[in-house]
Amino acid sequence: PRPQRHLDEIPVAAPPFGRAIVQHPAQGFRRQDPHQIARPIDPLQPFAFPCRGVWAKPGPESIQPPRCTPRNPPEENPMKFFIDTADVDAIRELHDLGMVDGVTTNPSLILKSGRDILEVTKEICSFVKGPVSAEVVSLKADEMLAEGRKLAAIAPNIAVKVPLTWDGLKACKVLSGEGFMVNVTLCFSANQALIAAKAGATFISPFIGRLDDINLDGLDLIGDIRTIYDNYDFKTQILAASIRTANHVKDCAMIGADVVTAPPNVIKALASHVLTDKGLDQFTKDWAKTGQKIL
Ligand code: E4P
C-alpha cells in the first residue's frame with residue numbers, strides 16, 4: 001500500500017546519519033522535498049540515493065532523514081528509451097541492440113524523413129512493439145479525434161500525440177476514454193503537465209531543450225512534474241522530450257523521468273567517453289608490441 005504523503009501522518013524515523021539535503025542533479029544541493037517518506041541514508045552511497053527526484057547527502061549538519069519511496073521500483077519498471085525520429089534505418093539499428101522501447105515522431109520529423117506519415121508509421125510499427133507516437137495536425141478537437149482514430153488504426157501500439165491546448169486536452173480525454181494511448185506534447189510547464197494528467201494522458205512530453213534554448217531550466221520542469229505526479233500517484237508517464245545531449249538523458253534518469261525520447265545520435269553518445277577512446281588506443285598499441293594473438 002502506498003504510504004500517506006502528508007508530513008503529519010508520516011512516522012519519521014530517527015535520523016541515522018543526519019539531515020538529507022536534496023539535490024537537483026544539474027544544479028547542486030538546493031531542493032528539499034517535504035513529501036517523501038522516511039528512509040535511512042546509506043552513508044556509503046551519498047550520491048546514489050535511489051529515489052525519484054531525490055538525492056540525499058549525509059552530513060554533520062543533518063537533522064532529518066530523507067523521505068522517499070520509489071514510485072516504480074526499477075526492477076519492475078526500468079527507464080525506457082524512445083527514439084525521436086522517423087528514420088526507419090536509424091530505429092532499426094538501435095532496435096537490434098534492444099535500445100528501443102518506443103518511438104516518437106512529430107510533423108517536423110515526418111517532413112525530415114520525406115515519407116508519408118501513414119506509410120512510415122506502419123513500417124515502424126511492424127518491428128517496434130512499444131508505443132509509437134504519431135501526431136495529429138488539426139487544431140480543433142473534433143478533427144483531432146478523427147485524425148487520432150485514423151492514426152490509432154495503423155497498429156495497436158500507436159500513441160496518439162496531441163498538443164497541449166484546450167482542444168488537445170478535449171481530444172486526449174475522449175481518446176484515452178476509448179482506450180487509446182495518448183501522448184500530450186509541447187508541454188512547457190508543470191501546470192500543463194498537471195492538467196494533462198487530469199485529462200487522462202498516458203504520456204506527458206515536457207520539452208527540455210526548447211526551454212533551455214530560452215534560458216529556462218528544462219530539467220527543473222522534469223523535477224517539478226515528478227514531484228506533482230508522485231504526490232498524487234498520477235499514472236501519466238513523464239516522457240522527457242527535446243533531448244539534446246547525453247547528459248540530458250542522464251539527468252532525466254536521476255530525476256526519475258519514466259521515459260526519455262532522444263534522437264539516435266544522442267542515444268549513441270551515451271556510450272562515448274574520451275578516456276575510453278584514449279585507454280583503448282593505449283591498449284591497442286601495447287598489445288601490438290607483445291606480438292601475441294588471441295585468435
Ligand atoms: C517529442 O516528442 C518531440 O518530437 C521532440 O523531442 C522535439 O525535439 P526538438 O525540440 O529537438 O525538436
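A residue is called buried here when its relative accessible area is under 20%, exposed when it is over 50%, and partly exposed in between, using a 1.4 Å probe and protein chains only. Keep that in mind for the tour.

This is a predicted model, so local features need pLDDT of at least 70 and side-chain atom pairs count only at pLDDT 80 or more, while totals for chains, interfaces and linings use all residues. Residues are numbered from 1 along each chain as its sequence is written, and side-chain values use heavy atoms, with hydrogens and water left out.

**Stop 1: the whole chain**

Show the protein chain as a cartoon. You will find 11 helices and 10 strands; these are DSSP runs numbered from the N terminus, with helices being H or I of at least four residues and strands being E of at least two. Of the 295 residues, 45% count as buried. Among the contacts (heavy atoms within 4.5 Å) with a separation of 6 or more, 62% are between residues 24 or more positions apart.

**Stop 2: the barrel**

Now select β3 to β10. These 8 strands form a closed barrel in the order β3-β4-β5-β6-β7-β8-β9-β10, with parallel pairing. On average, neighbouring strands of this sheet are turned by 30° against each other, direction ignored. Two strands count as paired if DSSP finds at least two bridges between them. Strands of a sheet pair through backbone hydrogen bonds, either parallel or antiparallel.

Zoom in on β7, residues 181–187. On one side, 5 bridges join β6 to β7, which run parallel, and Lys 161 has Asn 183 of β7 as its bridge partner. Strand β7 also pairs with β8 (residues 203–206) in the parallel sense, over 3 bridges.

How covered is β7? Mostly: 5 of its 7 residues are buried. In β8, both faces are covered, with Phe 203 and Ser 205 buried on one side and Ile 204 and Pro 206 buried on the other.

**Stop 3**

Select helix α3, residues 117–127. Its buried residues are Val 120, Thr 121, Ile 124, Cys 125 and Phe 127. An α-helix has 3.6 residues a turn, so residues three or four places apart point the same way. What covers the buried residues of α3 includes α1 (88–96), β4, α2, β5 and β6. At the start of α3, a side-chain oxygen of Asp 116 reaches to within 3.1 Å of the backbone nitrogen of Leu 118.

Move on to helix α4, residues 141–152. Helix α4 lies across β5 (132–135) and β6 (158–163), and runs at about 160° to β6. The axes behind such angles are lines fitted to C-alpha atoms, for helices over the stretch in contact, and the angles run from 0 to 180 degrees between N-to-C directions.

**Stop 4: two loop residues**

Pick Pro 131, in the loop between α3 and β5. Its relative accessibility of 16% makes Pro 131 buried. Leaving aside neighbours within four places in sequence, Pro 131 is in contact with Phe 82, Asp 101, Gly 102, Val 103, Asn 157, Met 181 and Phe 203. The C-alpha atoms of Pro 131 and Asp 101 are 7.4 Å apart, though 30 residues separate the two along the chain.

Next, pick Thr 105, in the loop between β4 (102–104) and α2 (107–113). Is Thr 105 buried or exposed? At 2% relative accessibility, Thr 105 is buried. Its side chain reaches the backbone oxygen of Ser 133 at 2.7 Å. Not counting residues up to four places away in sequence, the residues that Thr 105 touches include Ile 124, Ser 133 and Lys 161.

**Stop 5: the ligand**

Surrounding the ligand are Asp 84, Thr 104, Asn 106, Lys 161, Phe 207, Arg 210, Ala 241, Ser 242 and Arg 244.

Finish with Cys 125 and Cys 252. Cys 125 is buried at a relative accessible area of 7%, and Cys 252 is buried at 0%. How many disulfides does a search of the whole structure find? The search finds 0, where a disulfide is a pair of cysteine sulfur atoms within 2.5 Å.

Terms used
Near = heavy atom within 4 Å. Polar contact = N/O pair within 3.5 Å; in protein donor to acceptor, adjacent residues only side chain to side chain.
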